[in-house]
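Here are my notes for you, as numbered points. Please keep the model open beside you as you read.

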Amino acid sequence: MATALWELAGVEDDRLFSPYCWRIRMALLHKGLAFESLPWRFTDQAALSFSGQGRVPVLVDGSRCVHDSWDIAVYLDEHYNGRPALFECSQARSLALFVKHWCETQVHPATLRVIIGDLFDAVHPRDKAYFRQTREQRLGERLETLSQQSHSALPLFRASLDPVRPVLVAQDFLGGKGPSFADYILFGPFQWARAVSPTRLLDPDDPIYAWRERMLDRFGGAARQMRGYPVWA
Ligand SMILES: N[C@@H](CCC(=O)N[C@@H](CS)C(=O)NCC(=O)O)C(=O)O
């Protein structure tokens, strides 16, 4: 096997809805590396045992196996340093680490509360009991209760993005003129949502909307072509 990416899928193999896996899918495209997609479901724990842990993404690159999206991005830049950089310099990498933690603590939870009902519908039937049990335990509420609150979660989701609006007015990407790994980190929750939910997360006059269009168009529209809902019908 050359390069392969284990990534979370829903009912269909190409309904890819992990924000962490999307980071790496975009990173591989950025690097111009061909890869095979290996769809994975939450209950396919045995399939990942070779990696010594139970989460995706997992990258298999020849004889190397790397897990954790941050470690995979660092590995890709160090191992393929002749290809376009995900981090232009060590300062860019440090700032991307901030974006990662900001995104995971602010944007991911806000996204989840908007899409939770649609997300449950999109997970593979054999994952549903596991998903319900783990997410209800984590969030402290029944999925149905959370789903009923999803409309009021949308303003909170939009507010969670306030720090990036002025940045994306001033420049096309978080990385400046072109996308960097920080952009792929932020793009993850948008693809997570788009894969499972018809909810219109952003108004077309939001500067983040234009940024998302640029991201969806990148690499010949690769992200837009994956199974999901149109961002605006
Ligand atoms: N820190 C990890 C987090 C990866 C992660 O949590 N992946 C989720 C899919 S979005 C997962 O595999 N969850 C398994 C589970 O919930 O059992 C990374 O950045 O790769």
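1. A word on terms to begin with: helices (H or I, at least four residues) and strands (E, at least two) are DSSP runs, numbered from the N terminus. Residue numbers start from 1 along each chain as its sequence is written. The model is a predicted one, so local features need pLDDT of at least 70 and side-chain atom pairs count only at pLDDT 80 or more, while totals for chains, interfaces and linings use all residues.

2. Let us start with helix 4. The expected span of a helix is 1.5 Å times one less than its number of residues. For the twelve residues of helix 4 (residues 128-139) this gives 16 Å, and the end C-alpha atoms are 16 Å apart, which agrees.

3. Next, the domains, whose bounds come from an automatic or database domain assignment. The chain is divided into domain 1 (3-79) and domain 2 (90-225), with 18 Å between their centres, taken over C-alpha atoms. Their contact takes 18 residues from domain 1 and 22 residues from domain 2; two residues are in contact if their C-beta atoms, placed from the backbone, lie within 7 Å. On the side of domain 1 that touches domain 2, helix 1 and helix 2 each supply at least two residues, and helix 1 gives the most, with seven residues. That side divides into twelve nonpolar, three polar and three charged residues. Here Ala, Val, Leu, Ile, Met, Phe, Trp, Tyr, Cys and Pro count as nonpolar, Asp, Glu, Lys and Arg as charged, and the others, Gly among them, as polar.

4. What lies between the two domains? A nonpolar core is a set of buried Ala, Val, Leu, Ile, Met, Phe, Trp, Tyr and Cys residues joined through C-beta atoms within 7 Å. A residue is buried if 20 or more other C-beta atoms lie within 10 Å of its own, exposed if 12 or fewer, and partly exposed in between, with C-beta atoms placed from the backbone. The largest such core has 57 residues, of which Ala27, Phe181, Ile185 and Leu186 touch the most other members. Helix 8 gives the most to this core, with eleven residues. Both domain 1 and domain 2 give residues to this core, so it lies between them. Beyond its neighbours within four places in sequence, Phe181 is in contact with Ala27, Ala73, Leu86, Phe87 and Ala96.

5. Now the ligand. Around it are Leu8, Ser18, Tyr20, Phe42, Arg55, Val56, Pro57, Asp68, Ser69, Trp70 and Thr134; a residue is near a molecule if its C-beta atom, placed from the backbone, lies within 6 Å of it. By class, this shell has six nonpolar, three polar and two charged residues.

6. The peptide bond from Val56 to Pro57 is cis, with omega near 10 degrees, and Pro57 is found in the loop between strand 2 (36-40) and strand 3. Asp68, in the loop between strand 4 (64-67) and helix 2, has a positive phi near 80 degrees although it is not glycine. Asp68 is partly exposed, with 18 other C-beta atoms within 10 Å.

7. Finally, helix 9. Phe219 belongs to helix 9 and has a positive phi of about 55 degrees without being a glycine. Ala223 is also found in helix 9, and is buried because 23 other C-beta atoms lie within 10 Å.
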